Amino acid sequence: MPAVPAAEEGACMGILFIDIDGTLLNSRNIVTNRTRTALRRASEAGHVPVLCSGRCLDGLSGIMSVLGMRTYAATLNGACIFAMDGSIVSSTPLDPEAISICLDLAGRMGMDYLYFFSSRWGADGFNDCYELERRIVGTEGVAEPVDLMAAKTSVHKFLAIGSPSCCGSFLAESRTLLPSYSIVPSSSRYVEVNAPGIDKGFAVRTVCGLLGADISDSICFGDYDNDLAMFGAAGYAVAMGNAPGHVRMAADEVCPSNDEDGLAIWIENNLLNR
């Protein structure tokens, strides 16, 4: 097992890339007091926590405020990376033709969808998917079909939503139709589509470059397939105990689950109490 990255005392000891759903948040979508305290203490010790999520900025702002975080935010699996002042420092949208392919494929399979652009999210109407996303992220989205939105602005991520069997079919066919695109499941009912080369590994490399940090000193935490690229890019990868078996196998280490304060426990044991 690789050693946990560390640096000289007094130096920035590493960038902590942290997934949100299933990692930072417990199953009730809460950042616990223990996790909040651990991250604050890690920041005080010289580490730099960076949220690295499939969510848009609107879905991260409340969490960043609760944590008191003022650093880069890697959103939409790296398709939009924001600076501390809220400006976009990296933006890689989907090609409109790819959006049309995804929309047609989801329609033929009877799947719902969400889409994400810049700091916001949208659905094709005020449907069940809209209501669920609104409750999860705590912000209002746009109720407008993605093809109409794509005619007006850049869309950065397409999210197909359906049963596990539909998601498996969508994943296989979309990868055939769009072989260069980043297409990964983010739960058993979600498949995310990003532009070629855009994934959480891209986010790790980009943010480390912006901060002038050695990527070998970075540590990442995640729980699902869209975190695997981050595992491959960061210096050290920690999977949550609630992650599927193949995700746990891809990590350097496994910590307790998100409902057991696994992130906080790992930070306490490896960064604060040694």
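Hi everyone. There are 10 salt bridges in this structure, and please keep in mind that the model is a predicted one. Let me walk you through a few of them.

I'll start with Asp-19 and Lys-200, whose side chains pair up at 2.9 Å, N to O. Asp-19 sits in the loop between strand S1 and H1, while Lys-200 belongs to helix H8, so this pair ties together parts that are 181 residues apart in sequence. Both Asp-19 and Lys-200 are buried. Asp-227 joins them too, in a network of salt bridges.

Now for a pair within one helix. Glu-44 and Arg-40 form a salt bridge at 3.1 Å, and they are four residues apart in helix H2, which means about one helical turn separates them. Glu-44 is exposed, at 58% relative accessibility, whereas Arg-40 is partly exposed at 42%.

Then there is Lys-152 with Glu-144, at 3.0 Å. Here Lys-152 is exposed, but Glu-144 is buried, with a relative accessible area of 18%.

So what about Asp-261, which is buried yet has no salt bridge: how far away is the nearest side chain of opposite charge? That side chain is Arg-34, 4.6 Å away, and the cut-off for a salt bridge is 4 Å. Beyond its sequence neighbours, Asp-261 contacts Thr-32, Arg-34 and Thr-35.

Last stop, the largest pocket, with about 490 Å³ of space. It is lined by 25 residues, and those closest to its centre are Asp-21, Arg-55, Ile-136, Ser-186 and Tyr-190. Helix H5 gives the largest share of that lining, three residues. By class, the lining has seven nonpolar, nine polar and nine charged residues. Thanks, everyone!

Definitions and conventions: Residues are numbered from 1 along each chain as its sequence is written. This is a predicted model: local features need pLDDT of at least 70, side-chain atom pairs count only at pLDDT 80 or more; totals for chains, interfaces and linings use all residues. Side-chain values use heavy atoms; hydrogens and water are left out. Buried means under 20% relative accessible area, exposed over 50%, partly exposed in between (1.4 Å probe, protein chains only). Lys and Arg count as positive and Asp and Glu as negative; His and the chain ends are not counted. Contact means heavy atoms within 4.5 Å. On a 1 Å grid over the protein atoms alone, a cavity is a set of points where a 1.4 Å probe fits but cannot get out, and a pocket is an open set with protein on both sides within 12 Å along at least five of seven lines; lining residues have an atom within 4 Å of a point. Grid points are joined across faces, edges and corners, and a volume is the space filled by probe spheres set on the points. Helices (H or I, at least four residues) and strands (E, at least two) are DSSP runs, numbered from the N terminus. Ala, Val, Leu, Ile, Met, Phe, Trp, Tyr, Cys and Pro count as nonpolar, Asp, Glu, Lys and Arg as charged, and the others, Gly among them, as polar. Lists of a residue's contacts leave out its neighbours within four places in sequence.
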